[in-house]
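The structure is shown first.

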Amino acid sequence: MSSFFLPAATLWQRELIRFWRQKSRVMGVVASPLVFWLLIGYGSNDLARFYAGSLVLTVMFSAIFSTISIIEDRREGFLLSMLVSPAPRTSLVLGKILGAATLAWIQGLIFLAFAPLAGVSIGLLDILPVAGAIFLISFTLTGLGFVIAWKMNSTSGFHAIMNLLLVPMWMVSGSLFPMATAHGWVKAIMWINPLTYSIALLTHVLRLPNAFPGALESLIVTAAFGLVLLLASGVMAGQKATRSAA
Amino acid sequence: MIQVQNLTHRYGDRVALANVNFEVKKGEIFGLLGPNGGGKSTLFRILSTMMVPTEGRTMIAGYDVTQNPAEVRRHVGVVFQTQSLDKALTVEENLRSQGHLHGLSGATLRERMARAMERLGIADRRKDLVETLSGGLRRRVEIAKALLHRPQVLLMDEASTGLDPAARRDLSRHVEDLRDHEGVTILLTTHILEEADRCDRLALLHQGKIVAHGSPGELRSRIGGDVVVLETGDTQSLAGRIEQRFHVQPNVVDGHLRVEIPNGHRFITEVVEAFPGSIESVGLHKPTLEDVFVRETGASIE
């Protein structure tokens with residue numbers, strides 16, 4: 001038992017210590033979606049409309065930032081030293097993803113402090129579902145980052161994927177325009193985009209307008225997507241190498 | 001402690017290891033010496049369970065590396081060429097994290113950490129961030145980290161890369177100390193002759209093959225006598241004339257002629273007198289591992 005949870009816990013803790021020692025990271029991750037949100041929100045005189053999307057963007061940036069460190073760990077050799085330990089690969093993956101998800105979650109919660117600007121008031125009873133939804137989204141996006149980063153050899157490759165896949169995915173997730181007003185094939189993409197359900201979930205728990213699809217579907221799809229990514233990460237990390245591992 | 005039998009590895013068509021066989025005995029320091037690209041890294045990856053070989057069998061501490069990697073990992077400590085420490089963490093935090101990966105915790109872990117840090121002489125730096133340590137100290141932390149689970153075997157890949165000669169000698173002393181006081185069997189890869197000379201036994205690896213093995217002394221004694229190095233304007237013609245007259249076969253290495261010969265000092269006077277004007281400089285030395293490598297492969301290590 002301890003041989004599974006101890007390695008996961010130590011990797012989780014490592015993420016938190018590293019984060020704590022580089023506080024400038026928080027600024028970088030929270031500041032850009034915040035500036036973005038304030039500009040577009042004030043400009044269109046509708047801060048509330050872009051709030052959920054901007055919070056998810058914060059979480060996404062943080063998740064990406066944390067999973068990029070997998071590539072750095074690989075280049076440095078930290079990853080190798082984990083892989084030659086007897087710790088189960090699944091426990092290493094879980095520790096890494098939970099650690100990075102926790103950081104994304106914390107940064108999402110920091111963004112939550114700006115909710116009153118969007119006219120959102122969060123009652124005491126709302127805190128639990130809101131925090132829970134943000135954690136679930138953090139976990140899912142970290143899993144996505146992990147699956148992408150695992151096979152990558154360079155951080156520049158990761159940036160390319162971020163610009164070509166993750167940012168467009170975010171754009172057509174209901175963060176900028178609601179699904180109801182979308183046209184043709186973009187609407188179809190929104191239906192199959194898992195992020196659409198993440199944004200909808202957050203919009204529901206924050207009681208913001210334009211929450212679509214429904215709360216239950218959104219929760220199920222987001223959770224299922226997270227689970228699939230976790231399993232995929234576990235399988236990828238468990239594969240035996242016949243070529244160079246580093 | 002380590003048995004490698006008929007080990008072959010191919011990357012596509014390229015043969016990286018060709019039928020490699022050797023054995024490492026308990027409590028010895030065994031070196032794999034060879035140039036970069038000679039197959040050391042591939043061999044190291046296989047030994048450290050990071051890669052599955054195309055063919056062959058490797059046993060460490062009684063366990064098959066391919067069949068039972070999990071058990072091998074419990075008995076082997078690995079120091080990689082690339083730094084595996086987290087620079088943003090302290091020495092102690094790095095060690096504790098590694099201990100946790102091996103399922104160690106509480107008083108046992110504290111005691112193991114204290115002992116490893118004591119043994120490697122880094123106890124006074126335990127609270128320091130790794131990024132503030134020198135290269136030599138970092139390597140020692142790496143070794144301490146690899147020893148926490150009390151492995152029977154320590155594998156080290158080019159551990160002294162990037163260290164100055166003093167730090168390198170210091171590292172070698174610590175490694176010998178582990179052999180003498182902790183009974184650890186050590187396998188290391190290197191392309192540095194001085195480091196190889198301090199090993200108990202060596203295998204010379206060239207183009208995926210083991211071209212020679214034995215103790216450094218045994219290997220050197222393969223060269224009967226001395227090595228004379230001649231610098232000349234025309235290596236080919238001088239080589240031919242020397243062969244005709246002295247019945248020895250000179251090697252041409254890096255534009256110089258190398259001659260292995262007993263009583264080198266006498267040969268020097270004779271060769272200089274025999275071919276006046278065609279020799280620009282003369283050097284004489286006792287055989288080194290480099291000479292052995294040149295003799296076996298025709299190529300130099302560096």
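## Interface between the chains

In this predicted model, 28 residues of chain A are in contact with 25 residues of chain B, two residues being in contact if their C-beta atoms, placed from the backbone, lie within 7 Å. On the side of chain A that touches chain B, the elements giving two or more residues are α1 (2-21) and α4 (78-83) of chain A; helices (H or I, at least four residues) and strands (E, at least two) are DSSP runs, numbered from the N terminus. The largest share, ten residues, comes from α1(A).

By type, this side of chain A divides into 14 nonpolar, eight polar and six charged residues. Ala, Val, Leu, Ile, Met, Phe, Trp, Tyr, Cys and Pro count as nonpolar, Asp, Glu, Lys and Arg as charged, and the others, Gly among them, as polar.

## Basis of the model

Residues are numbered from 1 along each chain as its sequence is written, while chains are lettered from A and ligands numbered from 1 in the order in which they are written. As the model is predicted, local features need pLDDT of at least 70 and side-chain atom pairs count only at pLDDT 80 or more, whereas totals for chains, interfaces and linings use all residues.

## Sheet of chain B

Four strands of chain B form an open antiparallel sheet in the order β12-β13-β11-β14, where two strands pair if DSSP finds at least two bridges between them. Because β12 (251-253) and β14 (279-285) of chain B stand at the edges with a single partner strand each, one side of each lacks a neighbour in the sheet. The twist averages 30° from one strand to the next; axes are lines fitted to C-alpha atoms, for helices over the stretch in contact, and angles run from 0 to 180 degrees between N-to-C directions.

Strand β11 (residues 226-232) of chain B pairs with β14(B) in the antiparallel sense over six bridges, and V229(B) stands opposite G283(B) in β14(B). Helix α9 (residues 235-246) of chain B packs on the sheet, touching β11, β12 and β13 (256-261) of chain B, and its direction makes about 20° with that of β13(B). Helix α10 (residues 264-274) of chain B also packs there, touching β11, β13 and β14 of chain B, at about 170° to the direction of β14(B).

## Nonpolar cores

The largest nonpolar core has 137 residues, of which V56(A), M60(A), L202(A) and I186(B) touch the most other members. Such a core is a set of buried Ala, Val, Leu, Ile, Met, Phe, Trp, Tyr and Cys residues joined through C-beta atoms within 7 Å, buried meaning that 20 or more other C-beta atoms, placed from the backbone, lie within 10 Å of the residue's own. Helix α3 (residues 47-76) of chain A gives the most to this core, with 14 residues.

A second, separate core of nine residues includes V227(B), L257(B), V259(B) and I261(B).

Technical notes:
A residue is buried if 20 or more other C-beta atoms lie within 10 Å of its own, exposed if 12 or fewer, and partly exposed in between; C-beta atoms are placed from the backbone.
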